[in-house]
Amino acid sequence: MTLQISTSVDARGLSCPMPIVKTAQAIKPLTSGDLLEVLATDPGSVKDFAAWSRTTGNELVEQTTDGGVFRFVLRRK
Amino acid sequence: MDEMTSPPLNLILFSGTDDKLQAAAVLTAGAAALGRPVHLFLQYWALDAFRADHIDRDHGLAPEAGSQGRAAVDALRAAGQASWSETLRQAKDLGGVDIQACSLSMDLLHLTESDLDPLVDGVEGVTGFYLEAGDGPMVFI
């Protein structure tokens with residue numbers, strides 16, 4: 001099943017904490033249940049996104065890695 | 001986390017070098033992204049760095065950086081790292097970030113509010129700072 005992505009954030013090349021900051025900004029205007037896709041290259045982002053998801057309640061529904069690029073899919077709380 | 005009830009993270013910024021301001025900006029932006037309120041209190045040389053006519057200038061690095069540290073910081077910046085002032089602007093955009101200038105430091109540096117960058121929300125004394133700080137942790141940078 002392919003997930004229906006509402007918005008994408010390209011945070012590749014951005015250093016900590018910008019991928020999370022851009023994600024927090026982008027998820028705000030979405031409605032509950034919408035999916036947000038984020039691409040990041042910051043190696044700290046794997047732990048950061050897990051922690052951010054846990055703290056904010058926005059579920060991390062998918063996480064993959066492809067050649068140094070991390071892809072996260074989050075569901076708006 | 002509940003934004004309304006969680007106590008703020010209180011960062012007292014004293015040093016005015018770019019590395020320490022960058023570290024403070026990163027801590028601020030991370031907390032803001034988690035929905036946690038952040039309260040910044042600007043004293044001495046950190047306040048000087050927030051002057052509207054100074055903010056984009058090179059503020060140097062802490063002495064322990066040395067020449068290797070200088071090169072490392074420059075490389076990160078050349079790779080596109082946002083400046084500390086830009087990081088703080090993004091953090092403020094998320095909401096919950098309050099930046100206050102220490103009134104004693106304002107006197108020391110002969111500054112008025114109009115001399116400061118718009119990132120600064122106001123001026124407060126140390127009593128006002130403690131009142132706003134509540135039970136939140138305090139970090140001196």
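Author: Chain B has 6 helices and 5 strands (DSSP runs numbered from the N terminus: H or I of at least four residues for helices, E of at least two for strands). This is a predicted model, in which local features need pLDDT of at least 70 and side-chain atom pairs pLDDT 80 or more, while totals for chains, interfaces and linings use all residues. Residues are numbered from 1 along each chain as written, with chains lettered from A and ligands numbered from 1 in written order.

Along its sequence, chain B reads β-α-β-α-α-α-β-α-β-α-β. The C-alpha trace of chain B spans about 45 × 40 × 25 Å along its principal axes. Of the contacts in chain B between residues at least 6 apart in sequence, 81% join residues at least 24 apart (a contact means C-beta atoms, placed from the backbone, within 7 Å).

Now to the sheet itself, which belongs to chain A. This open sheet has 4 strands in the order β1-β2-β4-β3, and its pairing is mixed (two strands pair if DSSP finds at least two bridges between them). In chain A, β1 (7–11) and β3 (59–66) each have a single partner strand and stand at the edges, so one side of each is left without a neighbour in the sheet. On average, neighbouring strands of this sheet are turned by 15° against each other, direction ignored (axes are lines fitted to C-alpha atoms, for helices over the stretch in contact; angles run from 0 to 180 degrees between N-to-C directions).

Within the sheet, strand β2 (residues 35–40) of chain A runs antiparallel to strand β4 (residues 69–75) of chain A, and 6 bridges join the two. One position to look for is A:A40, which stands opposite A:F70 in β4(A).

Across β1, β2 and β4 of chain A lies helix α1 (residues 18–27) of chain A, running at about 160° to β1(A).

How values were computed. Two residues are in contact if their C-beta atoms, placed from the backbone, lie within 7 Å.
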